[in-house]
Amino acid sequence: METTSSTPSSVTPPWDVFPQKMLDSIDIAVLVLYFVFVLAVGLWSMWKTQRSTVKGYFLAGGQMVWWPVGASLFASNVGSGHFIGLAGSGAASGIAATAYEWNGMFCVLVLAWLFLPIYIAAGVTTMPEYLQKRFGGKRIQMFLAILYLFIYIFTKISVDMYAGALFIQQALHWDLYIAVVGLLAITAIYTVAGGLAAVIYTDALQTLIMLIGAVTLMVFSFVEVGGLEGLQTKYFDAIPSTRKENSSCGLPREDAFHIFRDPVNSDLPWPGVLVGMTIPSLWYWCTDQVIVQRSLAAKNLSHAKGGSLMTSYLKILPLFMMVMPGMISRILFPDLVACADAEICRKICGNPSGCSDIAYPKLVIELLPVGLRGLMMSVMIAALMSSLTSIFNSASTIFTMDLWKHFRPRCSEWELMIVGRVFVLLLTVVSILWIPLVQAGQGGQLFIYIQSISSYLQPPVAMVFILGCFWKRANEKGAFWGLVIGLLLGVIRLVLDFIYPEPQCGEPDLRPGVVKYMHYLYFSMVLAAISTLTVLVVSMLTEPPSEEMVRLTPKGTRS
């Protein structure tokens with residue numbers, strides 16, 4: 001098992017992957033201009049909209065037209081984790097990760113045409129509140145509110161902070177704490193002061209900046225590699241010079257240009273992509289507070305549908321804007337992006353299991369000329385800020401409307417507004433305290449675990465929402481036990497994943513069968529089936545819900 005060549009001297013210093021290229025004054029001017037512009041839009045939207053009432057603050061007064069809604073849905077979804085993660089997946093295994101994006105294209109339409117009319121008719125502000133109205137009782141609402149806050153703080157905030165940290169620290173050589181505190185401060189100013197309206201309007205601006213910057217980098221990347229044909233031929237030759245002989249480590253996947261892959265032996269099996277991926281995707285696009293809150297802010301159902309259609313069209317772009325540039329980065333820098341030797345990978349990016357995550361930052365720093373580099377930094381920061389503001393605003397809505405109101409049912413509107421704002425500041429502090437953990441977990445495993453948390457916790461919630469919305473016989477006991485049993489199984493699988501991490505390339509796989517042979521997308525399908533069965537059986541064995549609760553399902557499903 002000798003390596004084929006010695007360690008290249010160019011990668012011996014730990015961060016030499018990003019040589020000390022400091023930003024030029026033009027780049028800094030572009031960045032400053034971007035921040036001034038974002039703050040200006042945030043402040044303008046604060047004065048333009050009504051934010052002195054709960055509906056005005058948390059739902060932008062229900063007065064948004066279709067294009068800011070669509071842009072905000074896209075910006076909330078595409079965080080800095082998308083740029084780093086999707087480009088990294090492209091570099092490591094080809095275009096299959098695009099399936100996540102294209103799955104979302106259809107699920108966002110399901111939200112507007114099937115779920116939104118139900119939520120609007122119920123007159124709710126948060127998703128746990130809908131389940132409370134539909135099933136009665138308080139335990140489901142409390143259980144879900146705490147679960148949503150857990151998912152936000154430990155998955156969404158940390159994924160985006162990880163990606164933002166990677167970019168700021170490695171590509172810009174800025175002090176991480178000062179940079180992140182500065183970003184969060186600007187973010188918190190308009191989120192606290194302006195509520196959802198400020199977040200949506202600034203998201204619309206961030207979307208425009210993201211699209212311009214990402215498309216510019218895409219054009220530079222394709223020119224560098226000789227277009228789509230060049231990518232298809234050269235990708236399979238992008239092999240690092242240092243790798244173990246007689247093994248597949250470091251070799252590009254043969255099915256790199258396939259989205260639907262082998263159902264048994266591949267990294268994303270096609271039945272899992274079609275069914276297992278759709279279940280967490282339905283949770284995200286149809287029942288997640290961050291997404292639904294933007295749609296509820298629309299002026300009427302037609303504008304909400306228009307916003308969803310716009311987002312659906314924009315979701316076609318990540319394949320070309322993120323995944324393929326990641327693959328091009330592997331072609332241009334195979335020894336760095338595709339490193340296959342654990343020791344060398346650790347020297348390059350501190351992660352022994354691979355350095356594909358540096359694919360996008362590397363392209364930005366190497367390919368773009370002065371000025372455009374500053375624009376692209378703005379894009380990454382825009383992606384980080386837009387997803388963080390969305391999470392902050394939605395988490396504060398859930399905390400205020402579901403938890404605070406439960407403990408203080410007679411509190412005034414003014415008190416709710418104050419609590420919502422204070423909670424955003426609290427989340428900002430939590431995000432800053434979270435940075436050391438993110439840095440410690442930069443061994444890359446944290447990022448992988450966080451992605452799997454979603455697959456193990458979301459299917460039971462998705463199935464309870466679907467049955468609650470479209471099956472009149474579903475009752476509180478059925479929904480509660482469906483959630484509890486599903487989440488219990490999900491947590492068990494999650495713990496097993498932590499105890500038995502995936503072995504590195506070339507190492508024997510000693511994990512137990514349930515972890516080794518059951519892909520997380522297949523597990524998602526099993527989890528959804530068990531949760532559904534539990535809700536069906538318990539609901540049928542207990543008393544039916546009252547007529548008032550059944551009214552919160554569409555007429556056609558009440559037969």
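The following legends describe close-up views of a predicted model.

Residues are numbered from 1 along each chain as its sequence is written, and side-chain values use heavy atoms, with hydrogens and water left out. Because the model is predicted, local features need pLDDT of at least 70 and side-chain atom pairs count only at pLDDT 80 or more, while totals for chains, interfaces and linings use all residues.

**Figure 1. Overall composition of the fold.** The protein contains 24 helices and zero strands; both are DSSP runs numbered from the N terminus, helices being H or I of at least four residues and strands E of at least two. Of its 559 residues, 60% count as buried, where buried means under 20% relative accessible area, exposed over 50% and partly exposed in between, with a 1.4 Å probe and protein chains only. Among contacts (heavy atoms within 4.5 Å) between residues at least 6 apart in sequence, 84% join residues at least 24 apart.

**Figure 2. The aromatic pair of Y130 and F465.** The whole structure holds 18 aromatic pairs. Rings of Phe, Tyr and Trp (its six-membered ring) pair if their centres lie within 6.5 Å; planes under 30 degrees apart count as stacked, over 60 as edge-to-face and the rest as tilted. Y130 and F465 form a stacked pair, at 6.5 Å centre to centre and 15° between the planes. Y130 belongs to helix α6 (residues 127-135) and F465 to helix α20 (residues 445-470), so the pair ties together parts that are 335 residues apart in sequence. Y130 counts as buried because its relative accessibility is 0%, and F465 is likewise buried at 0%. One aromatic cluster is formed by F115, Y119, Y130, F465 and F470.

**Figure 3. The aromatic pair of F399 and F423.** Here the rings of F399 and F423 are stacked, at 4.2 Å centre to centre and 5° between the planes. This pair links distant parts of the chain, with F399 in helix α18 (residues 372-407) and F423 in helix α19 (residues 413-440), 24 residues apart. F423 has a relative accessible area of 9% and is therefore buried.

**Figure 4. Arginine charges over phenylalanine rings.** A charge sits over a ring if NZ of Lys or CZ of Arg is within 6 Å of the ring centre and within 35 degrees of the ring normal. The charged end of R139 is placed over the ring of F480, 3.8 Å from its centre. R493 lies over the face of F523, at 5.3 Å from the ring centre.

Figure 5. Three cavities of 30 Å³ or more are present in the structure. On a 1 Å grid over the protein atoms alone, a cavity is a set of points where a 1.4 Å probe fits but cannot get out, and lining residues have an atom within 4 Å of a point. Grid points are joined across faces, edges and corners, and a volume is the space filled by probe spheres set on the points.

Figure 6. V108 is placed in helix α5 (residues 98-122) and is buried, with a relative accessible area of 0%. Leaving aside neighbours within four places in sequence, V108 is in contact with L73, W285, S308, T311 and S312. V108 and T311 are 203 residues apart in sequence, yet 7.6 Å apart in space, C-alpha to C-alpha. S72, in helix α3 (residues 66-77), is buried at 0% relative accessibility. With neighbours within four places in sequence set aside, S72 is in contact with I200, D203 and R294.

Figure 7. I331 lies in helix α14 (residues 318-332) and is buried, its relative accessible area being 15%. Apart from neighbours within four places in sequence, I331 is in contact with V225, L231, K234, Y235 and A238. I331 and Y235 are separated by 96 residues in sequence and by 5.7 Å in space, C-alpha to C-alpha. D255 is found in the loop between α9 (227-234) and α10 (270-276) and counts as buried at 17% relative accessibility. Not counting residues up to four places away in sequence, D255 touches R261 and S266.

Conventions: 1 Å grid on protein atoms, 1.4 Å probe; cavity = no way out; pocket = protein on both sides within 12 Å on 5 of 7 lines; lining within 4 Å.
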